[in-house]
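Biologist: Please take a close look at the aromatic rings here. I would like one connected account of what surrounds them.

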Amino acid sequence: TIQPVHTVRRAIIPVAGFGTRLYPATQVLKKDFFPIPCADGVVRPVILILLEELIKSGIEDVCLVLGSEEERILYAQFFEQALDEEHLQKLSPQAREYSNRILDIGKHLHYVYQHDKRGFGHAVYQAAEFAGNEPVLLLLGDTLYRSNCGKTCTLQLIEEYERYNKLTVSIHPIPLQEVSRYGVFSGVWEDKDHTILNVSVMVEKPKLSYAEEYLAVQEQDGSKGYYSVFGQYILTQDVFEQLADDIRAADAEGDMSREIELTTALEAVRKRKGMVGVRINGEMFDMGNPAALRNTVVRFSE
C-alpha cells in the first residue's frame, strides 16, 4: 500500500532541561533516557518511544535541542554506535534486530544547542534553521502519547493541520480544578464531533475563577469543558519569526534574563492569523515530576 506523503516532515524535541524536579536521578541520567516499560514487554527510554511514534507517523528528520555539546555524546552512544559482538551475542534474535532499528532511527537525528537557558520559546527557536520555511512538529521531551484509535496521536494532528494550514495545537480536556497548572484554550467548535476548536483565546495558568467565567468551551450536552495543550504542536514559520522578534526585543532592552516563552509567541500569531485546536483521540503521559513519572511507569505498560 502506498502511504500518503504529508507536508509535515520535520519535528523538534527540546531536551535541554536539567530535570530539577527529578533530581538526583537527573544528575546521572537525562530524563528523556528514563526507562519506561511498554505494553509489548520491552523497556524503552522515553526518547526512543517518542522517536518511534514520529517515524511511524511519517516524520523524516528530527532535531533534538540539547543543553550542550557534551550531552551529544549520550545520544551518539545510543543511536549511532553499534553494540559490540560480546553484547550482541547475549541478545535474542529479535533484540539484535531491534539494535539495528535503533541505528536506523539515529540516521534521522539532528542536533542544536541552547547554551543560554532563556525559556522554552528560546529553546524552540534554536531549531529555526532546521525548520526552514516548512511547518514543523513540536513535541515535549518529557511527555509520552498513546492513541486510542488506529492512527498515532501525531498523525491525527498532522492530518488536521493539512486541512487548515495554520498554527495547530493538540488539546485535551482537563478538570476545572487543574486549570491553574496549564495553558488553557477556549473557542468555538468547528465540527459536530467537537474535534476541531477555532481557538479565540489562550491563557497561561489562569485562576480557577477566571477560567470558569471566561475560558469554558460549550460541550455537546450543554456542559462546560476546559482544554489544555496535549503536548504536540505544529508550528508555522510565523511562530519562529515571532520568537525572533521577542528575542531581539529582550536583547535591545538589555534584559538577557527574560525568559522567551513559546505561549507568548503562539498568542501573537493566533491574533494575526488564527489557531486551530485538535482534540486528540488518545492519552498523554507526563513524566516531568515524581508523581507523574510513577503514574506513567504504572499505566503506560497497560
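Modeller: The charged end of Arg 101 sits over the ring of Tyr 98, 4.3 Å from the ring centre. "Over" requires NZ of Lys or CZ of Arg within 6 Å of the ring centre and within 35 degrees of the ring normal. Arg 10 has its charged end over the ring of Phe 130, at 5.7 Å from the centre.

A word on the basis. This is a predicted model, in which local features need pLDDT of at least 70, side-chain atom pairs count only at pLDDT 80 or more, and totals for chains, interfaces and linings use all residues. Residues are numbered from 1 along each chain as its sequence is written, and side-chain values use heavy atoms, with hydrogens and water left out.

Now the ring pairs. Searching the whole structure gives nine aromatic pairs. Rings of Phe, Tyr and Trp (its six-membered ring) pair if their centres lie within 6.5 Å; planes under 30 degrees apart are stacked, over 60 edge-to-face, the rest tilted. Tyr 145 and Phe 230 have ring centres 5.6 Å apart and planes at 40°, so this pair is tilted. Tyr 145 belongs to strand β7 (residues 143-147) and Phe 230 to strand β13, so the pair ties together parts 85 residues apart in sequence. Strands are DSSP runs (E, at least two residues), numbered from the N terminus. Both Tyr 145 and Phe 230 are buried, meaning under 20% relative accessible area with a 1.4 Å probe, protein chains only.

There is also a cluster. Ring pairs join Phe 33, Tyr 75, Phe 78, Phe 79 and Tyr 111.

Notes
Helix = DSSP H or I, 4+ residues; strand = E, 2+ residues; numbered from the N terminus. Buried < 20%, exposed > 50% of the residue type's maximum accessible area, 1.4 Å probe, protein only.
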